Amino acid sequence: MLRLTKLGAGYDRNAPPVVGPIDLDAAPGEFICILGRNGAGKSTLMRTIAGLQPAMSGEVELDGQAIDNMRGANRAQLIAVVLTERTFSPGLRVDDVVMLGRQPFTGWQDALTAEDLNICEDALSQASASDFRGRFFDDLSDGERQRVMIARAIAQTPRLMVLDEITAFLDLPGRVEVMSLLRRQARARGLCVLLSSHDLDLSLELADRIWLLDGAGGVSCGTPAELIEAGAIGRAFDTPEVTFSSVRRRFELAGP
Amino acid sequence: MGARVTTSSLTLLVGLAALSLYALAFGQISLSFGDALSALAGLQGDELVSQIVLDIRLPRVLTAIIAGGALGIAGVLMQALFRNPVADAWSLGLLAGGQLGVALTVTAAAFAGPAAVSFLTVFSGPSITVAAAIGVALTAVFMLALGRKIGAITLLVVGLMIGFTAQGVTSVLLHFAARAGGRVYGGWSDASFAGVEAANLPWLAAPVLGGIALAVFTAKPLTSLLLGETYAKSLGVKVSSLRWLALAATVALVAPVVAFCGPVSFIGLIAPHFARALAGSARILPLLPLAALGGALLALMGDVIVHAPWEQHFLHLNAILAMVGAPIVILILVYSPTVKGWR
């Protein structure tokens with residue numbers, strides 16, 4: 001469904017791309033975690049896939065359509081994005097935020113049909129965010145805000161959901177909750193979910209597949225078991241101080 | 001949500017109509033509501049009463065309504081565009097920029113000679129609006145660029161300082177312009193709705209109507225900008241063209257107001273907050289009628305108080321707006337949940 005062909009992602013056409021060129025694909029219903037160290041290009045890759053910045057080379061195709069050629073509103077009907085950045089907005093309510101998910105489908109007045117409102121309500125309950133209705137978005141805690149943003153993404157009824165390090169501010173139960181919610185959504189709606197994360201343990205636990213950025217532009221792709229087996233996790237993350245143990249599936253301090 | 005907006009709009013509209021009638025009837029000379037209404041309908045036998053209502057009071061009331069409405073809508077646009085709860089044409093220095101634009105034009109004409117001055121005098125309506133528009137637009141572009149570098153509250157302080165600077169320069173320029181014989185437009189460092197002649201009302205109203213149309217047109221993408229640029233982009237919005245459109249709408253709304261009424265303070269800043277509270281939402285389109293009607297109501301209230309039958313004429317519009325507006329802004333800054341995150 002999602003296909004990256006010789007994709008190079010970056011900011012400068014004359015320099016080598018930050019990530020790529022890579023060939024990857026993803027199937028409907030797949031929950032994919034993108035891992036890599038800081039600066040490996042996770043956000044750059046995700047922004048390029050989401051069509052928020054142009055590909056330096058190659059292309060991203062969703063259901064056979066090249067993303068760079070899509071008009072903004074069409075793209076927004078297919079791809080929903082959730083970011084880690086905290087946005088503040090005067091007087092914005094939870095309901096307003098979720099309704100924004102329907103915007104790619106409404107007319108110029110942005111009038112919502114009963115159908116649209118149903119989708120919004122359903123999205124809120126899927127994300128266990130129904131209790132926040134009527135509250136100011138700025139009043140919510142980090143975890144609550146992320147749930148509302150995910151509800152907004154669900155309300156967008158996309159084919160592809162791109163979420164950039166959205167679990168960064170959450171505690172462990174919050175992270176587990178959000179990641180299993182996303183996995184359920186991928187399964188239930190047959191959509192492809194791409195989540196970049198620093199949370200190695202949980203990602204290895206919950207992801208169907210991992211895209212592992214090695215920091216030199218290369219990406220290894222596979223199931224968690226395959227990547228651990230091949231020692232790819234260690235190659236991407238090991239430092240003199242910590243090494244990844246394939247046996248125990250976690251990092252260990254290098255002993256004296 | 002729709003019902004709330006409709007009810008609130010109708011309530012505001014009734015309030016505005018009632019206050020307009022009051023403003024037409026009462027002042028230095030008190031008339032009955034019946035007299036005022038019959039004068040409005042053109043059925044008034046008494047020539048003097050008819051003159052007071054139609055020639056003196058009606059242009060002032062219409063000016064207050066148009067200017068207040070324009071500032072309210074511009075406030076909604078600017079608060080979304082700057083993503084800043086205390087942004088408005090006055091607080092970010094756009095009005096002062098517009099005044100400076102007019103002052104520079106008048107001064108240039110004064111030094112260019114009598115032909116330029118008489119041109120300005122004959123075409124005073126359009127020419128000062130255009131001059132103000134240039135000043136407003138330049139200030140707005142500058143503040144937008146600055147707004148990307150500094151926080152919302154800092155931007156407010158900078159905007160107010162720019163306002164002071166531009167107003168200082170304006171008063172100096174107009175002093176010399178008047179000495180050089182170009183007294184086209186000397187008398188407005190204070191805001192007032194009373195200086196607009198009936199003949200100039202179209203010059204005030206036409207750009208405002210254009211601005212309202214643009215505001216309605218940009219309301220949907222502006223709503224998505226409330227979540228920030230990246231989200232707006234991900235929802236299919238072309239952010240840079242949206243920014244120019246919203247800016248053009250703001251200039252069209254604000255320039256004629258500053259050209260004809262001077263730097264009307266606070267209305268554009270607080271009307272959007274009332275509108276959001278009434279609507280229970282921050283979606284832009286429903287806010288537009290509420291902010292327009294609320295702004296018009298505030299403006300007319302201020303004007304009614306200024307023109308109440310005092311012993312002598314002593315009150316300035318901005319003094320009233322400041323007494324009402326400044327404490328409200330303080331309350332917004334300190335308590336309102338809508339500025340959480342900016343504190």
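## Contacts and the core

Two residues are in contact if their C-beta atoms, placed from the backbone, lie within 7 Å. By that criterion, and leaving aside neighbours within four places in sequence, V254(B) is in contact with A70(B), A74(B), A89(B), L94(B), L95(B), G98(B) and V136(B). This is a predicted model, in which local features need pLDDT of at least 70 and side-chain atom pairs count only at pLDDT 80 or more, while totals for chains, interfaces and linings use all residues. Residues are numbered from 1 along each chain as its sequence is written, and chains are lettered from A and ligands numbered from 1 in the order in which they are written.

A residue is buried if 20 or more other C-beta atoms lie within 10 Å of its own, exposed if 12 or fewer, and partly exposed in between. A nonpolar core is a set of buried Ala, Val, Leu, Ile, Met, Phe, Trp, Tyr and Cys residues joined through C-beta atoms within 7 Å. The largest such core has 197 residues, of which L194(A), I73(B), L77(B) and V254(B) touch the most other members. Helix 3 of chain B (residues 47-81) gives the most to this core, with 16 residues. Helices (H or I, at least four residues) and strands (E, at least two) are DSSP runs, numbered from the N terminus.

## Helix packing

Axes are lines fitted to C-alpha atoms, for helices over the stretch in contact, and angles run from 0 to 180 degrees between N-to-C directions. Helix 3 and helix 11 (residues 267-279) of chain B pack at about 75 degrees, with their axes 7 Å apart. The two helices are therefore roughly perpendicular (65 to 115 degrees; under 35 is roughly parallel, over 145 roughly antiparallel, the rest oblique). On the helix 3 side the contact is made by G68(B), L71(B), G72(B), A74(B), G75(B), V76(B) and Q79(B); helix 11 contributes I267(B), G268(B), L269(B), A271(B), P272(B) and A275(B). By class, this contact has eight nonpolar, five polar and no charged residues. Ala, Val, Leu, Ile, Met, Phe, Trp, Tyr, Cys and Pro count as nonpolar, Asp, Glu, Lys and Arg as charged, and the others, Gly among them, as polar.

In chain A, the axes of helix 5 (residues 142-155) and helix 6 (residues 172-189) come within 11 Å and cross at roughly 5 degrees. That makes these two helices roughly parallel. G143(A), Q146(A), I150(A) and I154(A) of helix 5 meet G174(A), V178(A), L181(A) and Q185(A) of helix 6. The residues of this contact divide into four nonpolar, four polar and no charged.

## Covered helices

Helix 12 of chain B (residues 284-306) has 23 residues and reaches 32 Å from its first C-alpha to its last, close to the expected 33 Å (1.5 Å times one less than the number of residues). Of its 23 residues, 20 are buried. Helix 4 of chain B (residues 94-112) is largely enclosed by the rest of the structure, because 15 of its 19 residues are buried. G113(B), with a positive phi near 125 degrees, follows helix 4 of chain B.

In helix 1 of chain A, eight of eight residues are buried, including K42(A) and R47(A).

## An exposed loop residue

N38(A) is found in the loop between strand 3 (31-35) and helix 1 (42-49) of chain A. N38(A) is exposed, with 7 other C-beta atoms within 10 Å.

## Chain interface

Between the chains, 29 residues of chain B are in contact with 27 residues of chain A. Helix 9 of chain B (229-234) gives the most to the chain B side, with four residues. That side has 11 nonpolar, 11 polar and seven charged residues.
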